[in-house]
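Here is a short report on a single protein chain. Keep the sequence and the 3D view side by side as you read.

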Amino acid sequence: MAYTNVNDKAPLLTSSEVVSYAFNTSANFDTSMITESILKMTEIAHIEKILGREFYEELVTQHAGGSLTTANASLLDYFLYRALAWFTKYELMSDIQNNTTSSGIVTNIDEFSDAVSEDAFNRMKNETYRRANIFLDDMIEFLNDSNNSSSYPLWQKYGTRDNSMEGESTKRGGLIFYD
């Protein structure tokens, strides 16, 4: 399998779409915080390995060229966009709460707000990650359905088909998640 660089192609989601899907209580969220670099990193970290490199490349290439197959358009519209939006929110949360400056790391607080405790922040971050995985697991279940095997041949060939990770743990951002 040859590696095709798709990092020069537009991310699958825009910053406005991320806000629409995952920041439903914050419609006025500053979309400039959601850079193309963050969007692409989220795809690579949370989606590419699950889909398999060739399937991911197919989706990105078709999306960038405006040539999505009907099956791939449905996958993006009904499953992948929501998962990506919530994973993007998860990846942004530390940057939303804190800002890195030449003076160091400072907590973002406006005159009408108070910073949440570290415990409350971690609970919210874990909840955001859980929500992203709900959408991801739903997508995997859809792709694994035998009725869809002919529509997604690259998933059948390269994708991570087993979404049962019972007894496993994952380490993210210094936190250990047990399934």
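## Ground rules

Helices are DSSP runs of H or I with at least four residues, strands are runs of E with at least two, and both are numbered from the N terminus. The model is predicted, so to speak of a local feature takes pLDDT of at least 70 and a side-chain atom pair counts only at pLDDT 80 or more, while totals for chains, interfaces and linings use all residues. Residues are numbered from 1 along each chain as its sequence is written, and side-chain values use heavy atoms, with hydrogens and water left out.

## The overall plan

The protein chain has six helices and four strands. Read from the N terminus, the order is α-α-α-α-β-β-α-α-β-β.

Of the 179 residues in the protein chain, 35% are buried. Buried means under 20% relative accessible area, exposed means over 50%, and partly exposed lies in between (1.4 Å probe, protein chains only). The protein chain exposes about 10,400 Å². Carbon and sulfur atoms supply 48% of that area. Such areas come from the Shrake-Rupley method with a 1.4 Å probe, and for residues only the protein chains shown count as cover.

Now take contacts, meaning heavy atoms within 4.5 Å. Among contacts in the protein chain with a separation of 6 or more, 67% are between residues 24 or more positions apart.

## One side of helix H1

Which residues of H1 are buried? They are Ser 15, Val 18, Val 19 and Ala 22. These residues cover an arc of only 100° around the axis, so they sit on the same side of H1. The arc is that of the directions from the helix axis to the C-beta atoms. The cover over the buried residues of H1 includes helix H2 (36–51) and H4.

## Salt bridges

Side chains of opposite charge can pair when their charged atoms come close. A salt bridge needs a side-chain nitrogen of Lys or Arg within 4 Å of a carboxyl oxygen of Asp or Glu. By this rule there are seven salt bridges.

Start in helix H5 (residues 118–144), which holds both Arg 123 and Asp 119. Their closest N and O atoms are 2.3 Å apart, in a salt bridge. The two residues are four apart, about one turn of the helix. Arg 123 is exposed, with a relative accessible area of 52%. Glu 127 and Arg 131 form another salt bridge, at 3.1 Å from N to O. They too lie in helix H5, four residues apart, about one turn of the helix. Glu 127 is partly exposed at 27% relative accessibility, and Arg 131 is partly exposed at 35%.

Salt bridges that share partners also build a network of Glu 48, Lys 49, Arg 53 and Glu 57. Within it, Glu 57 and Arg 53 form a salt bridge, with their closest N and O atoms 2.7 Å apart. Both belong to helix H3 (residues 53–65), and because they are four residues apart, about one helical turn separates them.

## Aromatic rings

Rings of Phe, Tyr and Trp (its six-membered ring) pair if their centres lie within 6.5 Å; planes under 30 degrees apart are stacked, over 60 edge-to-face, and the rest tilted. The structure holds seven aromatic pairs. In one of them, the rings of Tyr 21 and Tyr 81 have centres 6.4 Å apart and planes at 35°, so the pair is tilted. This pair links distant parts of the chain: Tyr 21 is in helix H1 (residues 15–22) and Tyr 81 is in helix H4 (residues 70–97), 60 residues apart. Tyr 21 is partly exposed at 27%, whereas Tyr 81 is buried at 8%.

Next come Tyr 90 and Tyr 129, with ring centres 4.8 Å apart and planes at 50°, so this pair is tilted. Tyr 90 lies in helix H4 and Tyr 129 in helix H5, so the pair ties together parts 39 residues apart in sequence. Tyr 90 and Tyr 129 are both buried. Elsewhere, Phe 55, Phe 79, Phe 142 and Tyr 152 form one aromatic cluster.

## Charges over rings

A charge sits over a ring if NZ of Lys or CZ of Arg is within 6 Å of the ring centre and within 35 degrees of the ring normal. The charged end of Lys 125 sits over the ring of Tyr 90, 5.1 Å from its centre. The charged end of Lys 89 sits over the ring of Phe 23, 5.0 Å from its centre.
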